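Here is a short tour of the model you have open. Take a look at the structure below, and then we can walk through it together.

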Amino acid sequence: MSQQGYVAAPPYSQAQPGMGGYPSGYGGPPPQPMYGHYGAPPTGVAKGPVATPPPVSQYGSPMQQNGAHPQRIQPPSAVSSPYGQPPQVPYQSMAPQSLPPAQQLSNQMSGMQISGYGQMPMQPTQGPPSSAPQHPLQPGPPQMMSQPGPPHMMSQPGPPQMMSQPGPMVPGPQTQPLGSPPPMGAAPPMTGMAAPPMGMSGPFSGPPPMGGAGFQQSPGQMQPQGFPQQPGPYGGPMAAPQPGFPGAFPGGASQMAGPPQKKLDPNSIPSTTQVIEDDQAKKGGQLYTTNVRGQVPPLVTTDFTVQDQGNASPRFMRCTSYTFPCTSDLAKQCQVPLATIIKPLATIPKTESPLFMVNHGETGPIRCNRCKAYMCPYMQFMDGGRRYQCAFCNCVNEVPAFYFQHLDHMGRRMDVYERPELSLGSYEFIATLDYCKNNKPPSPPAYIFMIDVSFSNIKSGLVRLVCEELKTLLDRLPREDGAESSVVKVGFVTYNKVLHFYNVKSALAQPQMMVVSDVAEMFVPLLDGFLVNFTESRAVINNLLDQIPDMFADTNESETVFAPVVQAGVEALKAADCSGKLFIFHSSIPTAEAPGKLKNRDDRKLVSTDKEKTLFQPMRGVYEQLVKDCVSQGCCVDLFLFPSQYLDLATMGDTPTHTGGSVYKYSNFQVEMDGENFLSDLRKDVEKPIGFDAIMRVRTSTGFRATDFHGAVHMNNTTDVEMAAIDCDKAVTVEFKHDDTLSEETGALMQCALLYTTVGGQRRLRVHNLSLNCSAQLSELYKSCETDALINFFAKSAYRAMLNQPLKTVRDILVNQTAHMLACYRKNCASPSAASQLILPDAMKVFPVYMNSLMKTLPLVSSSELATDERAYQRLTVLSMGVEDTQLLLYPRLIPLHTMSVDSDAVPAAVRCSEERLTDGGVFLLENGRSLFLWVGQSCPPDLVQSLFNVPSLAHLPPDQSSLPDLDNPYSKKLRSIISSICEQRSNSMKVLVVRQKDRPEVLFRQQLVEDKGLHGGASYMDFLCYVHREIRQLLT
Ligand SMILES: [Zn+2]
């Protein structure tokens, strides 16, 4: 693991320059990201001639096919409640049309100013050091070296500490490998930190970096900055000696057992909450204008307003670094992955302007003849405005006559500010027929609700709950902006071992059911009357929804099919010639005799073996074909699961995660406990902004190109990202590689074009442009890194890699790459200092805590105590997450409530995710975007308990409390207001789980304290940092 040098060592130097090729496999088959290739057009699963399928049986009125049976369960009545309006991506509407993306070439770009990006010290605790932002600290306590303990294995040069002192260093900005142009950015002089990194090349000018040496007792005034010195024997709370990589995964990195270490003061290591607070303080509430190339945006956690001035908002595109290295050698050397996380339909706050629409009529969007890039602010007009040079491939194109415009004295078109495509980073084009399937306008999409009516769903009350909810929910189907009603059609299917289709044509007095029991050759038994307009068929549909729960009330059928259900949905959309979404409410592993039948393969003995990966690999065959069929029809699958035991989520979740869909899981579902959460998820899902039958293409300027894509997508070739649908929460992480040298002058440009069908049936092209800087200096790259984006990339690539490699290998690679990235910084960008000092780039100072947290997530942790489906579930959900989601998942917010002021609306500042921050007398709220915990300390004051829970003491609190009483006192009101505001911001619901200190459920809560040692393996943040530090030192020797 640590043997190789970090400079382009074997595993890394492979395939990808940027982030490395995880040794064989990591990253899957190179060119074809998803699974193997799904070749040509689907042919496949039973597709009966649409026109003639003979219904197997037809009944005039609803009736049930499965015999009647005992066991009638009185389903609870449905709960319904109002909910907030969903985020909308507004844009003007116009005529429809469309077209297919094209090729990419590359090229160069035209002037945008070079930004100096002066990074500022974000932390009060920053080291005085050198200019380049960095954070010295010394986890592997320098002392430790001279410590009693067993010596290091690393051949650390002598007594590190000694080198101390400013030796050669001089105060001031730090030196940089050879004079590169000084960044224009203003570097905040204070704190050294931001100092012009490059500029001064002279041997260190500037304050001694952290005291330079081991212990860095920095002299006098320097002290306050930088990580505080550790007092002699570190006084931190946990003083016990720690072995090398305590808590390491079995067989994992821990072999590197080192000497016992003493703890540093936990306050001295970089704090995520501090970084978040500092960014908020500095950039919060401000306007972020996108007119500067390579500008690093505020953190995802910061509240800011974007003004598009030529580059896409960070809400749409966020990069791992805003400065790309000029050469692939540099990229390989630093191992920093070059990637962009794109959320093309991201919701924009109301305070920001919606995307403008561009309509060039029948001509369609203007594109480069050669690379097919769309007109954008980077194109250079010339020749009096008659021609323009493509910024991506350099091809010179004629300007179409209708588009001609004179240039001003600066060479800019006179109409530059009147045309969104010439002045903005993001906009939409109305697509022409060329962009539509078969050259004809698309039909509006359809939503098909497919309810598993087998025994367990009936018994739990789920079927009745869904049916009740749909009566009101269908009034809220998404609609085109400005449209009075939705044109989305709806259809209904129920199923167990057989499928029941319903004719709900408005002319009928009663709905009609048609049963298809031959699930091997799925077809849709009726065309007319299956997909209808809800408003027109409201009476018949409500009638049906009233009847369904009763029709199956006595069922004792416990077997289900699954693949045929999805196939039926695809066939129905095919017959109607439209795209759409299937909402499937399913409870058990599909064991009935049918294509795609699954069996229990949950063998926990495989955990921690080389075969563990098979637990996460979906079954192929039928399911592989199903994905192809879905994607080619624009059929997105959303799966709502209600399991009481293993159901092979890895396989069942495969279709949703390759069709732009979502998987929701409610284990051991109980209407009273989970009903409201489920309904909240369903409502958000039905209403959310979404585009169908989408295809995305990322073009780049010359010198680099998109090579890999992670997300709920399907790839038929190496460049077109196909998504049956994509909604406002789905993000695609795109990795880039060099194929030539990039120029500092022209920078690196990327253009993401998403062609899709709106919920109103219009074909649109959404274009996002982003320009980055390029530099021959690695220090520039490190300054422009975005930790939250980096960790999103690592999470997705590791979760993909685990399908092909043993988990231990994946974890080792993550640790290795962390050390490589930081060692390269240390070697090339940081001021010389003692090896015992850990120096982190300012922009990545909390990267280790996120990386360590990632390795402790359920999918990567390898514990046979964990439910396989739960691990598979988390793996799949992360694959399509945006940066905000992965940030919160990997570093939850821990909010102290006992000290909050009820007089203000402010949410108390979060504290570090560690047990040490908890207090017996306190109450804390923890959220990670997926779950919400309310932790109550043992000695919480009775009056606070009374105010929040309406019980006299903690002892009176029911053990499985999952809601808060609605009480009329300021504490209760404030807490509920905090919770509801949190839930509003998330794409999925979160049930509040109240845990008392020392109660059993506390384990779930403690798993979220990511700075602590993992309950199922995995080091504490402190130990991980020490370990990484040792790795770095070894790499540097
Ligand atoms: Zn071009």
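This is a predicted model: local features need pLDDT of at least 70, side-chain atom pairs count only at pLDDT 80 or more; totals for chains, interfaces and linings use all residues.

Distant parts of the chain are linked here by Cys 368 and Cys 390, which lie 22 residues apart. Cys 368 sits in the loop between β8 (357-358) and β9 (380-382), while Cys 390 belongs to the loop between β10 (387-389) and β11 (396-398).

Are these two cysteines buried or exposed? Cys 368 counts as buried because its relative accessibility is 1%. Cys 390 is buried too, with a relative accessible area of 1%.

Let's turn to the interior. In soluble globular proteins, nonpolar side chains tend to be buried together. The largest nonpolar core here has 162 residues, and those with the most contacts inside it are Phe 324, Leu 499, Phe 501, Ile 584, Met 696, Tyr 782 and Leu 854. Helix α16 (residues 807-828) gives the most to this core, contributing ten residues. Another core, of 49 residues, lies apart from it and includes Leu 474, Val 532, Val 671 and Val 759.

## A closer look at Met 696

Which residues does Met 696 contact, leaving aside its neighbours within four places in sequence? Among them are Ile 342, Pro 344, Thr 719, Asp 720 and Val 721. The contacts of Met 696 also include Met 723, Val 732, Val 734, Cys 752, Ala 753 and Leu 754.

Conventions. Residues are numbered from 1 along each chain as its sequence is written. Side-chain values use heavy atoms; hydrogens and water are left out. A nonpolar core is a set of buried Ala, Val, Leu, Ile, Met, Phe, Trp, Tyr and Cys residues joined through side-chain atoms within 4.5 Å. Buried means under 20% relative accessible area, exposed over 50%, partly exposed in between (1.4 Å probe, protein chains only). Helices (H or I, at least four residues) and strands (E, at least two) are DSSP runs, numbered from the N terminus. Contact means heavy atoms within 4.5 Å.
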